[in-house]
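Subject: Handover of a structure and the findings on it

Dear colleague,

Please find below the structure that I am handing over to you. I would ask you to keep it open while you read the notes that follow.

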Amino acid sequence: MLKDSPICSLMRTILLASILCLGLSDTTGTARPGKIQLSDEEWQAKLTRQEYIVCRKHGTETAWSGELLENKAKGIYSCTCCGTALFNSSFKFDSGSGWPSFFDVLKDKDVSELPAVDFKTDTSHGMVRTEVLCGKCDAHLGHVFDDGPQPTGLRYCINGVCLKFKPDAKGGDKKKTDL
């Protein structure tokens with residue numbers, strides 16, 4: 001059988017190594033309070049066509065096309081699908097990739113030892129990458145890479161259509177530990 005072949009065993013090892021090299025573990029099986037589960041039909045009714053294709057069907061928006069790419073305002077970036085707070089504007093940087101990029105992620109508001117996102121190995125399109133999903137509703141957000149700035153060295157490359165932005169009403173930027 002193919003699944004027991006040495007090639008498949010090697011591929012499994014490579015996939016696991018790709019996540020571990022980033023210092024991230026696959027968190028898709030982690031139980032989270034308040035997990036949101038809607039049917040495919042419910043997601044289609046709730047989202048625009050582009051939001052549905054990118055967030056629920058793991059699509060990718062065209063580079064340089066997202067409304068939030070050049071956003072410099074202070075505030076919070078949340079999941080388009082469920083509203084979960086994911087990124088603080090103070091984590092955003094210009095990666096030159098054509099998609100909004102962040103060097104860190106907020107913590108889960110219900111389980112503070114977890115990030116607000118989940119990580120999963122993605123082998124689509126002939127590549128091995130680490131996919132970033134919303135921790136509350138499993139929306140595909142984008143991917144994380146190890147070529148970001150310090151202090152984390154990570155680059156969360158996120159489809160802008162997967163995010164909603166809420167400006168900070170106080171005019172100040174909250175730090176990661178304050179959220």
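Which residue in E2 is the bridge partner of Ser 78? In this predicted model, that partner is Ala 85. The two strands concerned, E1 (residues 75–79) and E2, run antiparallel and are joined by three bridges.

These strands belong to an open sheet of three strands, in which the pairing is antiparallel and the order is E2-E1-E9. At the edges stand E2 and strand E9 (163–167); each has a single partner strand, so one side of each lacks a neighbour in the sheet. From one strand to the next, the twist averages 30 degrees.

Searching the whole structure gives six aromatic pairs. One of them is formed by Phe 87 and Phe 102, whose rings are stacked, with 4.2 Å centre to centre and 15 degrees between the planes. Phe 87 belongs to strand E2 (residues 85–88) and Phe 102 to strand E4 (residues 101–102), so this pair ties together parts that are 15 residues apart in sequence. Phe 87 counts as buried because its relative accessibility is 0%. Phe 102 has a relative accessible area of 0% and is likewise buried.

Another pair consists of Phe 119 and Tyr 156. Their ring centres are 6.4 Å apart and their planes are at 40 degrees, so the pair is classed as tilted. A stacked pair would need planes under 30 degrees apart, and an edge-to-face pair would need over 60. Because Phe 119 lies in strand E5 (residues 117–122) and Tyr 156 in strand E8 (residues 155–158), the pair ties together parts that are 37 residues apart in sequence. Phe 119, at 4% relative accessibility, counts as buried. Tyr 156 also counts as buried, at 3% relative accessibility.

Which residue lies over the face of Trp 43? It is Arg 56, at 4.0 Å from the ring centre.

Yours sincerely,

A colleague

Note on methods
Residues numbered from 1 in each chain as written. Predicted model: local features only at pLDDT ≥ 70, side-chain atom pairs only at ≥ 80, totals over all residues. Heavy atoms only, no water. Phe/Tyr/Trp six-rings, centres within 6.5 Å; stacked < 30°, edge-to-face > 60°. Helix = DSSP H or I, 4+ residues; strand = E, 2+ residues; numbered from the N terminus. Buried < 20%, exposed > 50% of the residue type's maximum accessible area, 1.4 Å probe, protein only. Lys NZ or Arg CZ within 6 Å of the ring centre and 35° of its normal. Pairing = 2+ DSSP bridges. Axes fitted to C-alpha atoms, helices over the stretch in contact; angles between N-to-C directions.
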